[in-house]
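Have a look at the sequence and the model before reading on.

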Amino acid sequence: MKRIYLICLLLSFQFAVAQEGLKTTFQRIYEDISTNSEAYDRLKYSTENLGHRLTGSENGKKAEEYAYNLLESYGYAVSYQPFTTESWARESLELTLNNKNVPSVSLAHSPVKVNLTADLIDLGNGLEADYEKAGEQVKGKIALVYLHILPNSGENLKNLHRSEKTALANKNGAKGIIFINSVKGNVLLTGTASITGKLIDIPAICIGYEDGMKWKETLEKEKVSAAIKMRNKSELTTARNVIVSIKGTEYPEEKIVIGGHLDSWDLATGAIDNGLGSYAVMDIARVFKKLNLQPKRSVDFVLFMGEEQGLLGSKAYVNEAIENGTLGQVRYMLNFDMVNAPTGFATSRDEMKTLLDSIGAVYAEVDTDFKNQNSSGAGLHSDHQPFMMQGIPSGSGTGGKLPNNAGQYYHSDNDVFKLVDKKGMEQTVKVGAAYLYGLTDANEIPAQRFSDEEIVKFLESKGLKEPLIISGEWRWGK
């Protein structure tokens, strides 16, 4: 009995020592970022001097080189991971409704040349039920669709991504699709209308809220003829993920991937989407080097390109790991996409909650802004998705809000640096660095990689099967 007591006492002592060591590391991380964080200033420089970071463009290449050189300046050996993609860039667009010009913007991967005239049809939210109700009336027309969910549409309606709504329009015989943005002030929003990164068959464009609702009302009274004249450019090009690798000291064959997409759309400078995340990831890498942190597990810091055009960079990373047999080493993926001022940890897997609660409890002793309110859930359309589709658990920061109502301006010409909040961005770096270090330092990662059967059950339980089928990403049959 005495021996058991002594063993328990020893284990308790070892646990306390480990917790104290973790707290000391968190304290060093917190103090360095509070004093020396470069994320805000680096993003400011980028938006003012590089401009947008569209994949496949000259600006995109400049952004790749900037990230490479910055990480190299921190003392890292940096590598490019090139991949071939079908670049897309807008040239011109003219939309007239009943011969009246309407301000509009093309959605990415629309055809390179369009000269289309057809009647407009109101498809409401653009969901399956809306097309079932309209039936054969959709064929040969241009669908007018609300980008999100219209007020008074009923409870528990789940929205679809614009690419999925475009796929539904095409499937049901529409000749084009016009999205009504939900942001007031006639803000024009872009984004991809193709989940695959390939050109789509029909033109997809966006108009402002006030214009869209006006024409929606007009359709209730009379026919509306829509004319779309569009020209775009598309060609094969090479983009590059930017990668820094740290070898683990105790579990080098286990890897944590932390990333954020560096690319942006071209209407503005992508300060929020995703300057917030990608420049935070680079600053987390800076902290690890500056403090000479020695993670037990290996780490890949990845600046993904091509996220906006179909998760192309993260798919390239995962596909290469499958080909060279190293994907099994990836135990967890941290994705920072438009994260700001997080107060907790988010994870895709419930099994992770106990570990995250314990890491967060230690970190909360250092950072009073961190509330250790952790959550689990899963969604699509960011760089965690290709990892999730291979059964790998993922996470990010949670609990914070985007500054200055920035969420309504993503993908628009209003996504500019003045929206960024310095303190919120630094908090993202602090929480991200703590999350990453806590995972690398843990004795065990509780969530194991799912088998194919387990992936299917997981995706179905999260309500993700339908959008994945619509987008063509579901690989398990019906």
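## Open space and hidden space

Strand 14 gives the largest share of the lining of the largest pocket, five residues. Before going further, note that this is a predicted model, where local features need pLDDT of at least 70, side-chain atom pairs count only at pLDDT 80 or more, and totals for chains, interfaces and linings use all residues. Residues are numbered from 1 along each chain as its sequence is written, and side-chain values use heavy atoms, with hydrogens and water left out.

Back to that pocket: its volume is about 1100 Å³. A pocket here is an open set of points on a 1 Å grid over the protein atoms alone, with protein on both sides within 12 Å along at least five of seven lines; a cavity is a set where a 1.4 Å probe fits but cannot get out, and lining residues have an atom within 4 Å of a point. Volume is the space filled by probe spheres set on the points, which are joined across faces, edges and corners.

The pocket has 49 lining residues, and Asp-337, Leu-380, His-381, Ser-382 and His-384 are the ones nearest its centre. At least two lining residues come from each of helix 5 (162–171), strand 12 (344–347), strand 13 (375–376) and strand 14 (394–398). Helices (H or I, at least four residues) and strands (E, at least two) are DSSP runs, numbered from the N terminus. Sorted by class, the pocket lining holds 15 nonpolar, 27 polar and seven charged residues. Ala, Val, Leu, Ile, Met, Phe, Trp, Tyr, Cys and Pro count as nonpolar, Asp, Glu, Lys and Arg as charged, and the others, Gly among them, as polar.

How many cavities of 30 Å³ or more are there? The count is two, and here they are:

| Cavity | Volume | Lining by class |
|---|---|---|
| Largest | about 60 Å³ | three nonpolar, five polar, four charged |

Among the residues lining the largest cavity are Trp-265, Asp-266, Glu-308 and His-411. The second largest cavity is lined by residues including Arg-349, Met-388, Phe-450 and Phe-458.

## Rings

The whole structure contains 17 aromatic pairs. One of them joins Phe-288 and Phe-301, edge-to-face, at 5.9 Å centre to centre with 75° between the planes. Rings of Phe, Tyr and Trp (its six-membered ring) pair if their centres lie within 6.5 Å; planes under 30 degrees apart are stacked, over 60 edge-to-face, and the rest tilted. Phe-288 belongs to helix 7 (residues 271–290) and Phe-301 to strand 10 (residues 297–304), 13 residues apart.

Phe-288 is buried at 1% relative accessibility, and Phe-301 is buried at 1% too. (Buried means under 20% relative accessible area, exposed over 50%, partly exposed in between, using a 1.4 Å probe and protein chains only.)

Elsewhere, Phe-26, Tyr-332, Phe-345, Tyr-363, Phe-370 and Tyr-435 make up one aromatic cluster. Some rings also have a charge over them: Arg-240 lies over Tyr-80, 4.0 Å from the ring centre, and Lys-430 over Tyr-30, at 4.2 Å. That takes NZ of Lys or CZ of Arg within 6 Å of the ring centre and within 35 degrees of the ring normal.

Is Leu-439 buried or exposed? Its relative accessible area is 0%, so Leu-439 counts as buried. Leu-439 sits in helix 11 (residues 422–441). Beyond neighbours within four places in sequence, its contacts (heavy atoms within 4.5 Å) include Ile-256, Tyr-332, Met-352 and Ile-445.
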